[in-house]
Amino acid sequence: MMSEKILLVLLVSLVVVSAECPKECVCNQRSARCSKVTNKKLFLLQKLPKNITSLILTGNRITSITLKEFYNFTKLERLILNHNQLNSLPRDVDYVPTLKHIDVSENKIKYIDTQELRSYKHLTVLHLSGNVLENIPALSHARSLENLILSNNKINKLSPNSFTGLRKLKYLKLDHNRLGFVYHGVFDELSSLQSLDLSYNELEIIRKDLLSKLLSLEELYLQNNSITTLDDYCFRNLTLHRVDLEHNRISRFKADAFKDIVITGKVSLNQNPLHCGCWLTDNTIQRLIHNGDIQGICFSPLALKGRNLKHFTTSELGCNNTDSCASNRCQHNSVCAVYNATTYTCNCTPDYKGVYCEYLTTSDENNDVVIAVSVCAPIAFILCLAIGWYVYKKQTTYPGRCISKEKLICLACLFILIFLFALFVGLRIACEFMEFC
């Protein structure tokens, strides 16, 4: 008898749910999935059951959405809007205080309105991967965020206050972007962060104290960048289970880079041009290698190429011979590769060429000219105005009198001299300050 009552209740609830569900949607007691929805058809969502916890609008043609009309969805927790045509974040999220998870991945969002983020104060998960974001503004209004996914965008810089106030954030993904430099202090307030993914960017240096405030960090993903340098104490105060540095341009590192760090798993340096030389005999590095904390494969010298760091003795390093890379002259983050005991070569990055990678490639050699012209043009323009004003004053003061040929020649010479001076200044700026020479 009891089982019959339960079955009857289930049947009644299913009938009610199906009666409330629009034909464009598939509903059950906890979620609704809708297709073929455009902005003009968003009103159909008001016919959905008000007790659903998840609303899935994947693969529609929605360009914008406001949640003001969803105030009566009192149990809604997840809103999935991936693979639409959104050009902005959902607005008025605070009308649904139960909402914790928003997925707007694979859309066309280029800009985040900081003021609109005020309504995101209850959100714990924000999925923004696969958009066209170029920078991240201050996200401090979304102070309850625990999971922030910004993968596969076009982010080339992080504002110094991008993550200020996000003390509950545990997972941050910034992989597959265009980050070449990260300001000191950007991550300082992420005291609860457990996983940071900076892989597939354009980073060249891991700077001292960039990560030292991330006391809860366990996983750090830095693979597939252009990293050549690990600053001393760059992992200070951290207890890390995994550090992935694979597919970078690291040829050697100092023991001090791994001072004041506790490694509970491994640091992977595979697929780097590691030069196995006498620097590996440092006691700290030896301990890390033999404990299995650091893993890597030799790239040079040729006699040790392909050998695991852990599987050779210090005598095989030939430390009685001169390490030709010890005092190399390679420039602009190029990688020194040992040829023999006295000779080395510099493996240049794509932007530079030359024996020591000291010259820009042809594609970039016009940068100094562009900078020089940008300096010269305003000066030349101002000079032309001054000459024109001088001629005008002469004509108005002495009408009908022409300026002598000698004066015109002097003015032309003065113009040429000032222009050459401006050109010189521009070239010096290009060479000295922008490092284009």
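## A left-handed link between Cys276 and Cys298

With -100° about the S-S bond, the disulfide of Cys276 and Cys298 is left-handed, and its sulfur atoms lie 1.9 Å apart. The model described here is a predicted one.

## Other disulfides

The structure holds 5 disulfides, a disulfide being a covalent bond between the sulfur atoms of two cysteines. One of them joins Cys330 to Cys346, with a distance of 1.9 Å from S to S. The torsion about the S-S bond of Cys330 and Cys346 is about -85°, so this disulfide is left-handed. Cys330 lies in the loop between β19 and β20 (335–338), and Cys346 lies in strand β21 (residues 344–347), so the pair ties together parts of the chain that are 16 residues apart in sequence. Cys330 counts as buried because its relative accessibility is 17%, under the 20% limit for that class, and Cys346 is also buried, with a value of 11%.

A further disulfide is formed by Cys25 and Cys34, whose sulfur atoms are 2.0 Å apart. The link of Cys25 and Cys34 is right-handed, with 105° about the S-S bond, and both of these cysteines are buried.

Cys234 is buried, with a relative accessible area of 0%, whereas Cys278, at 23% relative accessibility, counts as partly exposed.

## Aromatic pairs

A search of the whole structure finds 6 aromatic pairs. In one of them, the rings of Phe181 and Tyr183 have centres 5.3 Å apart and planes at 85°, so the pair is edge-to-face, the cut-off for that class being an angle over 60 degrees. Phe181 is partly exposed, with a relative accessibility of 38%, and Tyr183 is partly exposed as well, with a relative accessible area of 41%.

The rings of Phe253 and Trp279 also form an edge-to-face pair, because their centres are 5.0 Å apart and their planes stand at 75°. This pair links distant parts of the chain: Phe253 is in the loop between β15 (239–244) and β16 (262–268), while Trp279 is in the loop between β17 (274–275) and α2 (283–290), the two residues being 26 residues apart. Phe253 counts as buried at 6% relative accessibility, and Trp279 is buried too, with a relative accessible area of 15%.

## Asp244 in strand β15

Asp244 is found in strand β15, and with a relative accessible area of 5% it is buried. When residues up to four places away in sequence are not counted, Asp244 touches Leu220, Tyr221, Leu222, Gln223 and Ser268.

Methods: Residues numbered from 1 in each chain as written. Predicted model: local features only at pLDDT ≥ 70, side-chain atom pairs only at ≥ 80, totals over all residues. Heavy atoms only, no water. Phe/Tyr/Trp six-rings, centres within 6.5 Å; stacked < 30°, edge-to-face > 60°. Buried < 20%, exposed > 50% of the residue type's maximum accessible area, 1.4 Å probe, protein only. Helix = DSSP H or I, 4+ residues; strand = E, 2+ residues; numbered from the N terminus. Contact = heavy atoms within 4.5 Å. Disulfide = S-S within 2.5 Å.
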